[in-house]
Amino acid sequence: MKKVEKESLLKSFFLFFLSQTLLAGALFLLNYQKELQSLDETVFSKMRLCSFSLQCKEFQYDFVPKKEYELYRLYKNESELSAYFSIPNSTKNALKIYLPKEKYMQEVRTLQKELLWNFFIVVFVIAILSFFFALYALSPLRKALHVTEEFIKDILHDFNTPLSTLRLNVSMLKSETGENTKIERIENAVQNILNLQANLRAYLHSHVTQKEQLVLKEFLKERINLIESNYRDISFHTEIPAVVLHVNKDSFTRIIDNLISNAAKYNQKEGKVFIRFSDNILSIEDTGKGIQNPKRVFERFYKEQERGIGIGLHIVKKLCEELDIAVSVQSEVGKGTVFTLNLKNIIV
């Protein structure tokens with residue numbers, strides 16, 4: 001299940017679960033108030049019956065001045081529940097029947113335990129229903145994602161034949177006419193399409209659970225050796241200690257290749273690229289043109305140069321989210337750009 005699917009599932013689950021739990025809690029609170037009222041009425045009814053015979057073990061009784069209290073009414077205080085009843089042929093005194101507060105609270109606690117137990121059962125049922133509701137709500141999204149991925153896979157597959165033909169003919173034309181600017185532009189355009197294909201494949205086929213261990217220093221050396229052959233005038237400088245990562249190699253390769261190739265591609269002539277690692281942070285810094293709007297570089301199709309189509313860094317951001325890597329950028333026009341990757345969650 002992709003990260004976007006998990007996020008959608010969790011949000012749907014919690015939205016339904018919390019709303020239904022709050023509603024159930026409100027209903028149980030109202031029911032608790034009614035049960036308390038019913039308990040008080042039951043106690044008062046028993047007191048009333050007790051006033052006729054005084055043969056009741058759970059209550060105690062006394063005689064008090066009649067004028068101080070209202071008869072046939074239940075009183076509550078910190079120590080007891082009491083009610084007052086008239087005594088036949090007596091105008092001065094009333095019969096007080098009372099229940100110690102501790103005995104009353106025992107009944108209340110029994111009622112609370114019963115209601116809480118029922119509430120937890122209802123919450124458990126709500127949780128199960130919420131999960132199945134979330135799965136049902138996720139179904140259209142998963143179908144849409146599947147259709148989109150299949151469509152992109154078909155398009156990428158169909159690219160292979162015309163691209164192979166184009167590369168072959170450009171190579172033949174280059175051998176006949178020699179180096180020239182137009183052929184170089186065609187080669188760059190073909191390379192951009194190939195990079196786009198690689199990025200899309202890495203995103204579509206990203207399986208973050210399929211992880212392996214990588215020695216960061218050796219891995220970066222390998223990627224730099226492949227990239228620097230296309231940028232002879234750019235020098236690469238690395239400061240990488242002995243660090244081992246546990247990560248999906250294909251996805252991480254696409255992230256690093258995009259960032260390093262961009263650092264070289266948009267650098268100045270005879271520029272430099274510095275790749276450093278410190279405190280779990282991998283930084284890729286260039287001495288290039290800089291970015292006017294660094295906050296927008298991860299937006300799809302956003303670009304400030306004529307080269308490229310503005311999707312590479314967007315895919316980098318998505319892959320970083322899949323791998324639980326925090327990515328950020330700082331840039332100053334005319335001085336250069338620094339991309340940072342926080343690798344703390346994938347370091348062994």
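## Helices H5 and H6

In this predicted model, helices H5 and H6 cross in a left-handed manner (left-handed if the near helix is turned anticlockwise from the far one by less than a right angle, right-handed if clockwise). Helices (H or I, at least four residues) and strands (E, at least two) are DSSP runs, numbered from the N terminus. H6 spans residues 312–323, and its axis lies 9 Å from that of H5, at an angle of about 145 degrees. Axes are lines fitted to C-alpha atoms, for helices over the stretch in contact, and angles run from 0 to 180 degrees between N-to-C directions.

Contact means heavy atoms within 4.5 Å. On the H5 side the contact includes Phe 252, Ile 255 and Leu 259, and on the H6 side Leu 313, Val 316 and Cys 320 are among the residues involved. By class, the contact of H5 with H6 has eight nonpolar, four polar and one charged residues (Ala, Val, Leu, Ile, Met, Phe, Trp, Tyr, Cys and Pro count as nonpolar, Asp, Glu, Lys and Arg as charged, and the others, Gly among them, as polar).

## Helices H4 and H5

H4 (residues 216–228) and H5 (residues 249–265) have axes that come within 10 Å and cross at roughly 55 degrees. That angle makes H4 oblique to H5 (under 35 degrees is roughly parallel, over 145 roughly antiparallel, 65 to 115 roughly perpendicular and the rest oblique). The crossing of H4 and H5 is right-handed. Phe 219 and Ile 224 of H4 take part in the contact, as do Ile 256 and Ile 260 of H5, among others.

## The five-stranded sheet

An open sheet of mixed pairing has five strands in the order S6-S8-S9-S11-S10; strands pair if DSSP finds at least two bridges between them. S6 (235–239) and S10 (326–332) are edge strands with a single partner each, so one side of each has no neighbour in the sheet. The twist averages 15 degrees from one strand to the next.

S9 (residues 281–286) and S11 (residues 336–342) are antiparallel and share five bridges, with Leu 282 opposite Leu 341 in S11. H4 lies across S6, S8 (272–278) and S9, running at about 175 degrees to S6.

## The four-stranded sheet

Another open sheet, with antiparallel pairing, has four strands in the order S1-S4-S3-S2. Its twist averages 30 degrees from one strand to the next. Six bridges join S1 to S4 (residues 93–100), and Pro 65 stands opposite Asn 93 in S4.

## Basis of the values

Residues are numbered from 1 along each chain as its sequence is written, and side-chain values use heavy atoms, leaving out hydrogens and water. In this predicted model, local features need pLDDT of at least 70 and side-chain atom pairs count only at pLDDT 80 or more, while totals for chains, interfaces and linings use all residues.
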